[in-house]
Amino acid sequence: MFEKRKIGKTLQIYKPPQEFIKVPFETITYHYWVGNAQHIGKRKIQEDAFAFSDLGNQNLLMQNGICAVLSDGIGGLNNGHIVSNFVVKSVLTAFPQINLTNPISQQLQNIAQKINYDIMTQELSDCGATLLTAIIHQNKLFWCSIGDSRIYLFRNGYLHQLNEDHDYQNKLLSQYINSEYPLSLAFSDLQKDNLTSYIGIPNLKLIETTKRYFTLQNGDKIILCTDGVYQTLSKTELQTYLKAQPQDACENIIYGVMYKKLKTQDNSTVMIIEMNSEKRTNYE
(Lines give C-alpha, C1' and ligand atoms only; values in the text may rest on other atoms or scores of the structure.)
Protein backbone atom coordinates (compact mmCIF):
# COMPACT_ATOMS: atom_id res chain seq x y z
CA MET A 1 0.00 0.00 0.00
CA PHE A 2 2.83 2.36 0.89
CA GLU A 3 6.40 2.47 -0.30
CA LYS A 4 8.27 1.01 2.67
CA ARG A 5 11.09 3.56 2.59
CA LYS A 6 13.74 3.73 5.27
CA ILE A 7 13.46 6.76 7.50
CA GLY A 8 16.14 6.15 10.10
CA LYS A 9 15.74 5.62 13.79
CA THR A 10 12.45 7.45 14.09
CA LEU A 11 10.55 4.41 12.82
CA GLN A 12 10.65 1.40 15.10
CA ILE A 13 9.22 -1.92 14.04
CA TYR A 14 10.01 -4.74 16.44
CA LYS A 15 9.45 -7.71 14.18
CA PRO A 16 7.23 -10.36 15.79
CA PRO A 17 7.55 -14.06 14.95
CA GLN A 18 7.13 -14.71 11.22
CA GLU A 19 4.76 -17.60 11.88
CA PHE A 20 1.63 -17.55 14.00
CA ILE A 21 1.87 -18.42 17.68
CA LYS A 22 0.36 -21.85 18.28
CA VAL A 23 -1.10 -22.70 21.68
CA PRO A 24 -2.72 -26.17 21.94
CA PHE A 25 -5.28 -27.10 24.56
CA GLU A 26 -7.16 -30.36 25.05
CA THR A 27 -9.78 -29.93 22.32
CA ILE A 28 -8.86 -26.64 20.61
CA THR A 29 -5.66 -25.12 19.25
CA TYR A 30 -5.45 -21.32 19.21
CA HIS A 31 -3.43 -19.43 16.62
CA TYR A 32 -2.33 -15.83 17.20
CA TRP A 33 -0.72 -13.40 14.79
CA VAL A 34 0.83 -10.27 16.28
CA GLY A 35 2.13 -7.01 14.85
CA ASN A 36 3.49 -3.66 16.00
CA ALA A 37 4.96 -0.40 14.74
CA GLN A 38 5.85 3.00 16.15
CA HIS A 39 6.94 6.48 15.03
CA ILE A 40 8.22 9.50 16.90
CA GLY A 41 6.26 12.02 14.82
CA LYS A 42 7.36 15.64 15.23
CA ARG A 43 8.29 15.24 18.88
CA LYS A 44 11.85 15.37 20.16
CA ILE A 45 11.35 12.42 22.52
CA GLN A 46 9.58 9.09 22.01
CA GLU A 47 7.26 8.96 25.00
CA ASP A 48 5.24 5.93 23.86
CA ALA A 49 6.38 2.60 25.28
CA PHE A 50 5.02 -0.86 24.44
CA ALA A 51 5.80 -4.56 24.67
CA PHE A 52 4.37 -8.06 24.45
CA SER A 53 4.85 -10.73 27.07
CA ASP A 54 7.22 -13.61 26.24
CA LEU A 55 5.70 -15.07 23.06
CA GLY A 56 8.10 -18.00 23.13
CA ASN A 57 7.19 -19.20 26.62
CA GLN A 58 4.70 -22.00 25.97
CA ASN A 59 3.94 -22.53 29.67
CA LEU A 60 3.09 -18.85 30.12
CA LEU A 61 1.00 -18.86 26.94
CA MET A 62 -1.02 -21.82 28.19
CA GLN A 63 -1.38 -20.50 31.73
CA ASN A 64 -2.01 -16.78 31.15
CA GLY A 65 -1.96 -16.22 27.39
CA ILE A 66 -0.56 -13.13 25.68
CA CYS A 67 -0.22 -9.75 27.36
CA ALA A 68 0.12 -6.58 25.28
CA VAL A 69 0.85 -3.37 27.19
CA LEU A 70 1.01 0.18 25.90
CA SER A 71 1.78 3.42 27.73
CA ASP A 72 1.85 6.99 26.42
CA GLY A 73 3.87 9.46 28.48
CA ILE A 74 1.98 12.72 28.92
CA GLY A 75 3.80 15.25 26.73
CA GLY A 76 2.85 18.31 28.76
CA LEU A 77 4.43 16.87 31.90
CA ASN A 78 8.01 15.98 32.83
CA ASN A 79 9.58 12.53 32.60
CA GLY A 80 6.83 11.11 30.36
CA HIS A 81 9.17 8.65 28.66
CA ILE A 82 10.54 7.45 32.01
CA VAL A 83 7.07 6.81 33.38
CA SER A 84 5.76 5.06 30.24
CA ASN A 85 8.70 2.67 30.18
CA PHE A 86 8.29 2.00 33.90
CA VAL A 87 4.59 1.22 33.37
CA VAL A 88 5.31 -1.30 30.61
CA LYS A 89 8.04 -3.08 32.55
CA SER A 90 5.91 -3.21 35.69
CA VAL A 91 2.92 -4.76 33.92
CA LEU A 92 5.06 -7.43 32.27
CA THR A 93 6.67 -8.24 35.63
CA ALA A 94 3.24 -8.66 37.25
CA PHE A 95 1.64 -10.58 34.36
CA PRO A 96 2.90 -14.11 35.20
CA GLN A 97 1.47 -13.77 38.73
CA ILE A 98 -2.07 -13.07 37.52
CA ASN A 99 -4.47 -15.93 38.24
CA LEU A 100 -7.14 -16.05 35.53
CA THR A 101 -9.23 -18.52 37.54
CA ASN A 102 -9.92 -15.73 40.04
CA PRO A 103 -11.82 -12.48 39.34
CA ILE A 104 -9.59 -10.46 37.03
CA SER A 105 -10.90 -6.94 37.66
CA GLN A 106 -9.48 -6.54 41.16
CA GLN A 107 -6.15 -8.06 40.14
CA LEU A 108 -5.74 -5.55 37.30
CA GLN A 109 -6.77 -2.68 39.55
CA ASN A 110 -4.24 -3.78 42.17
CA ILE A 111 -1.47 -3.82 39.57
CA ALA A 112 -2.41 -0.33 38.38
CA GLN A 113 -2.59 1.03 41.91
CA LYS A 114 0.82 -0.43 42.77
CA ILE A 115 2.38 1.11 39.65
CA ASN A 116 0.83 4.46 40.51
CA TYR A 117 2.08 4.22 44.10
CA ASP A 118 5.59 3.33 42.92
CA ILE A 119 5.63 6.34 40.59
CA MET A 120 4.34 8.68 43.28
CA THR A 121 7.05 7.55 45.70
CA GLN A 122 10.01 7.75 43.30
CA GLU A 123 10.31 11.54 43.46
CA LEU A 124 9.18 11.93 39.85
CA SER A 125 7.15 15.09 40.32
CA ASP A 126 4.77 16.43 37.68
CA CYS A 127 4.78 13.29 35.54
CA GLY A 128 2.28 10.90 34.09
CA ALA A 129 1.41 8.28 31.48
CA THR A 130 -1.53 6.28 30.22
CA LEU A 131 -1.84 2.56 30.87
CA LEU A 132 -3.46 0.09 28.49
CA THR A 133 -3.18 -3.64 29.02
CA ALA A 134 -4.82 -6.40 26.97
CA ILE A 135 -4.65 -10.05 27.94
CA ILE A 136 -5.84 -12.75 25.54
CA HIS A 137 -6.11 -16.28 26.93
CA GLN A 138 -7.63 -18.83 24.56
CA ASN A 139 -10.55 -16.82 23.10
CA LYS A 140 -11.05 -14.60 26.15
CA LEU A 141 -10.04 -10.93 26.21
CA PHE A 142 -9.40 -8.97 29.41
CA TRP A 143 -8.24 -5.36 29.56
CA CYS A 144 -7.30 -2.52 31.86
CA SER A 145 -7.35 1.10 30.74
CA ILE A 146 -6.29 4.39 32.33
CA GLY A 147 -6.09 7.54 30.22
CA ASP A 148 -6.84 7.98 26.52
CA SER A 149 -4.92 5.19 24.79
CA ARG A 150 -7.47 3.04 22.99
CA ILE A 151 -8.29 -0.63 22.57
CA TYR A 152 -10.36 -1.58 19.53
CA LEU A 153 -12.03 -4.70 18.21
CA PHE A 154 -11.88 -5.18 14.42
CA ARG A 155 -14.58 -7.67 13.45
CA ASN A 156 -16.14 -8.35 10.03
CA GLY A 157 -14.60 -5.21 8.57
CA TYR A 158 -15.83 -2.85 11.28
CA LEU A 159 -13.89 -1.12 14.06
CA HIS A 160 -15.34 -0.88 17.57
CA GLN A 161 -13.77 1.04 20.46
CA LEU A 162 -13.93 -1.08 23.61
CA ASN A 163 -12.73 1.33 26.28
CA GLU A 164 -13.56 4.90 27.25
CA ASP A 165 -11.33 7.95 26.86
CA HIS A 166 -10.60 9.31 30.32
CA ASP A 167 -10.57 12.97 29.31
CA TYR A 168 -12.37 16.14 30.30
CA GLN A 169 -14.58 16.12 27.20
CA ASN A 170 -16.18 12.83 28.24
CA LYS A 171 -16.77 14.30 31.69
CA LEU A 172 -18.49 17.29 30.11
CA LEU A 173 -20.58 15.02 27.88
CA SER A 174 -21.75 13.16 30.99
CA GLN A 175 -22.78 16.49 32.47
CA TYR A 176 -24.65 17.29 29.23
CA ILE A 177 -26.57 14.00 29.49
CA ASN A 178 -27.60 15.06 32.98
CA SER A 179 -28.64 18.50 31.64
CA GLU A 180 -25.78 20.16 33.53
CA TYR A 181 -23.67 21.43 30.59
CA PRO A 182 -24.32 22.66 27.00
CA LEU A 183 -23.39 20.16 24.29
CA SER A 184 -21.65 22.75 22.09
CA LEU A 185 -19.30 23.76 24.91
CA ALA A 186 -18.32 20.16 25.56
CA PHE A 187 -16.67 20.04 22.13
CA SER A 188 -15.17 23.53 22.22
CA ASP A 189 -13.84 23.65 25.78
CA LEU A 190 -10.10 24.39 25.73
CA GLN A 191 -9.49 21.71 28.35
CA LYS A 192 -11.47 18.97 26.60
CA ASP A 193 -8.36 16.87 25.81
CA ASN A 194 -6.97 17.03 29.35
CA LEU A 195 -6.85 13.63 31.03
CA THR A 196 -9.01 12.95 34.07
CA SER A 197 -7.15 9.75 34.95
CA TYR A 198 -3.58 8.62 34.37
CA ILE A 199 -0.64 6.92 36.06
CA GLY A 200 0.98 9.58 38.22
CA ILE A 201 -2.20 11.27 39.41
CA PRO A 202 -2.64 11.53 43.20
CA ASN A 203 -5.44 9.35 44.50
CA LEU A 204 -6.00 7.30 41.34
CA LYS A 205 -9.68 6.32 41.22
CA LEU A 206 -10.75 5.90 37.59
CA ILE A 207 -9.47 2.52 36.37
CA GLU A 208 -11.46 0.74 33.66
CA THR A 209 -11.24 -3.05 33.74
CA THR A 210 -13.22 -5.93 32.32
CA LYS A 211 -15.54 -7.34 34.97
CA ARG A 212 -15.46 -10.79 33.41
CA TYR A 213 -14.12 -11.25 29.87
CA PHE A 214 -14.96 -10.52 26.26
CA THR A 215 -15.30 -13.54 23.96
CA LEU A 216 -13.39 -13.35 20.68
CA GLN A 217 -14.44 -14.91 17.38
CA ASN A 218 -12.19 -16.36 14.69
CA GLY A 219 -10.60 -13.59 12.66
CA ASP A 220 -11.03 -10.92 15.33
CA LYS A 221 -8.21 -8.41 15.66
CA ILE A 222 -7.53 -6.54 18.90
CA ILE A 223 -5.80 -3.20 18.38
CA LEU A 224 -4.01 -1.08 20.97
CA CYS A 225 -2.94 2.41 19.93
CA THR A 226 -2.00 5.84 21.25
CA ASP A 227 -3.79 9.09 20.45
CA GLY A 228 -1.13 9.89 17.85
CA VAL A 229 -2.81 7.23 15.70
CA TYR A 230 -6.55 7.73 16.19
CA GLN A 231 -6.36 11.53 16.22
CA THR A 232 -4.57 11.45 12.86
CA LEU A 233 -6.35 8.68 10.94
CA SER A 234 -10.10 8.43 10.43
CA LYS A 235 -12.07 5.35 11.38
CA THR A 236 -12.53 4.60 7.67
CA GLU A 237 -8.79 4.77 7.06
CA LEU A 238 -8.06 2.49 10.01
CA GLN A 239 -10.64 -0.04 8.81
CA THR A 240 -8.95 -0.12 5.39
CA TYR A 241 -5.48 -0.72 6.82
CA LEU A 242 -6.72 -3.36 9.27
CA LYS A 243 -7.78 -5.71 6.49
CA ALA A 244 -4.14 -6.78 6.12
CA GLN A 245 -2.26 -9.27 8.29
CA PRO A 246 -1.35 -7.77 11.70
CA GLN A 247 2.26 -6.79 10.97
CA ASP A 248 1.42 -5.32 7.56
CA ALA A 249 -1.59 -3.58 9.09
CA CYS A 250 0.55 -1.99 11.81
CA GLU A 251 3.16 -0.79 9.33
CA ASN A 252 0.50 0.60 6.98
CA ILE A 253 -1.17 2.44 9.86
CA ILE A 254 2.10 4.10 10.87
CA TYR A 255 2.98 4.95 7.29
CA GLY A 256 -0.55 6.34 6.91
CA VAL A 257 0.09 8.59 9.92
CA MET A 258 3.43 9.71 8.47
CA TYR A 259 1.94 10.53 5.07
CA LYS A 260 -0.43 13.02 6.68
CA LYS A 261 2.67 15.17 7.36
CA LEU A 262 1.05 17.01 10.26
CA LYS A 263 3.23 19.78 11.68
CA THR A 264 2.32 18.81 15.24
CA GLN A 265 2.26 15.03 14.79
CA ASP A 266 2.38 13.25 18.14
CA ASN A 267 4.21 9.97 18.84
CA SER A 268 2.20 7.11 17.34
CA THR A 269 2.21 3.44 18.32
CA VAL A 270 0.00 0.51 17.30
CA MET A 271 -0.11 -3.14 18.38
CA ILE A 272 -2.36 -5.87 16.95
CA ILE A 273 -3.25 -9.42 17.99
CA GLU A 274 -5.40 -11.58 15.70
CA MET A 275 -6.98 -14.78 17.00
CA ASN A 276 -8.13 -17.92 15.21
CA SER A 277 -8.88 -21.38 16.55
CA GLU A 278 -9.38 -24.90 15.25
CA LYS A 279 -10.76 -28.03 16.84
CA ARG A 280 -8.19 -30.70 17.53
CA THR A 281 -8.70 -34.18 16.12
CA ASN A 282 -5.55 -35.57 17.71
CA TYR A 283 -5.12 -35.43 21.48
CA GLU A 284 -1.55 -36.67 21.64
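Residues are called buried below 20% relative accessible area (under 20%), exposed over 50%, and partly exposed in between, with a 1.4 Å probe and protein chains only. The model is predicted: local features need pLDDT of at least 70, side-chain atom pairs count only at pLDDT 80 or more, and totals for chains, interfaces and linings use all residues. Residues are numbered from 1 along each chain as its sequence is written, and side-chain values use heavy atoms, without hydrogens and water.

Helices are DSSP runs of H or I with at least four residues, strands are E runs of at least two, and both are numbered from the N terminus.

The buried residues of α2 are G80, V83, S84, V87, V88, S90, V91 and A94. They lie on the same side of α2, because they cover an arc of only 165° around the axis. The arc is taken from the directions from the helix axis to the C-beta atoms. K89 and T93 are exposed, on the face turned away from the buried side. The cover over the buried residues includes β4 (48-52), β5 (66-72), α3 (104-120) and β6 (131-137). Contact here means heavy atoms within 4.5 Å.
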